[in-house]
Amino acid sequence: MNKFSTILGVVIVFILAACEGPQGPPGFDGLDGLDGQDGLDGIQGQVVEVEGVNFGYDGDANLFSTLITFSDVTDFEVFESDAVLVYRHDGVIELSDGSTADAWTQLPQNYFLPGGTMQYVFAHTFVDLEIFIDGNFDLSGISTDFTDDQIFRIVFVPSEFAEASKLDTSNIENVMSALNIGEEEVTKLDIN
């Protein structure tokens, strides 16, 4: 009897497992809700050009510094996890075809001067950015070409993009292209 029950069970399993038939009727659709607001395509970043930046000298620390508060230069929401890149305008260069282009260098940026080495560096939070000029010699006498009326570009890179990308951040054009930001979309602001 036990052997018969086992064989009967196996046959029933094979019969039920081999059954095929037409698909049943589809279920009811759910209720439609209100459509949400369309978002922007892709991950958004922003580039802000800040002109007229002047550094103040701190003799005790032997460094120059300036503070840029994000809310003063943009309404772009910056999160703690976002990357902030800073580029200094080195001037305008003439190209081989006779046209000109802006030259930008990513911070930190070193200068090897007769008195020693000087470096632009920065530190940021999600609220502000402080740019420093630090050096291994007395900076009180450096040229105002380094400290007055400087131009910087601040690039806000969302963390999702920064973590997922193999972006060459040393070139501002590559960064802007990857973030799909054209030159005409750069927010320009003079803080003087």
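Arg-153 is buried, with a relative accessible area of 0%. Here buried means under 20% relative accessible area, exposed over 50%, and partly exposed in between (1.4 Å probe, protein chains only). The model is predicted: local features need pLDDT of at least 70, side-chain atom pairs count only at pLDDT 80 or more, and totals for chains, interfaces and linings use all residues. Residues are numbered from 1 along each chain as its sequence is written, and side-chain values use heavy atoms, leaving out hydrogens and water.

**Salt bridges**

Side chains of opposite charge can pair when their charged atoms come close. A salt bridge is a side-chain nitrogen of Lys or Arg within 4 Å of a carboxyl oxygen of Asp or Glu. The count by this rule is 3.

| Pair | N to O distance |
|---|---|
| Arg-153 and Glu-49 | 2.7 Å |
| Asp-90 and Arg-88 | 3.0 Å |
| Glu-183 and Arg-153 | 2.4 Å |

Glu-183 sits in the loop between helix 5 (172-178) and strand 10 (187-190), while Arg-153 is in strand 9, so their bridge ties together parts 30 residues apart in sequence. Helices (H or I, at least four residues) and strands (E, at least two) are DSSP runs, numbered from the N terminus. Shared partners join Glu-49, Arg-153 and Glu-183 into one network of salt bridges.

Arg-153 also forms a salt bridge with Glu-49. Glu-49 belongs to strand 1 (residues 46-53) and Arg-153 to strand 9, so this pair ties together parts that are 104 residues apart in sequence.

Glu-49 is buried, at 5% relative accessible area. Glu-183 is partly exposed, at 36%. In the remaining pair, Arg-88 is buried at 6% relative accessibility, and Asp-90 is partly exposed at 37%.

**Aromatic pairs**

The whole structure holds 8 aromatic pairs. In one of them, the ring centres of Tyr-111 and Tyr-120 are 6.1 Å apart and the planes stand at 70 degrees, so the pair is edge-to-face. Rings of Phe, Tyr and Trp (its six-membered ring) pair if their centres lie within 6.5 Å; planes under 30 degrees apart are stacked, over 60 edge-to-face, and the rest tilted. Tyr-111 and Tyr-120 are both buried. Ring pairs also link these two with Phe-55, Phe-146 and Phe-152 in a cluster.

**Backbone features**

Leu-107 and Pro-108 are joined by a cis peptide bond, with omega about 5 degrees. Pro-108 falls in the loop between strand 5 (100-106) and strand 6 (109-113).

Asn-62 is not a glycine, yet has a positive phi of about 55 degrees. Its loop runs between strand 2 (56-58) and strand 3 (63-69). Asn-62 is buried, at 18% relative accessible area.

Asp-149, also not a glycine, has a positive phi of about 55 degrees. This residue is in the loop between helix 3 and strand 9 (150-157). Asp-149 is exposed, at 52%.

Asp-145 lies in helix 3 (residues 144-147). Asp-145 is exposed, with a relative accessible area of 59%.
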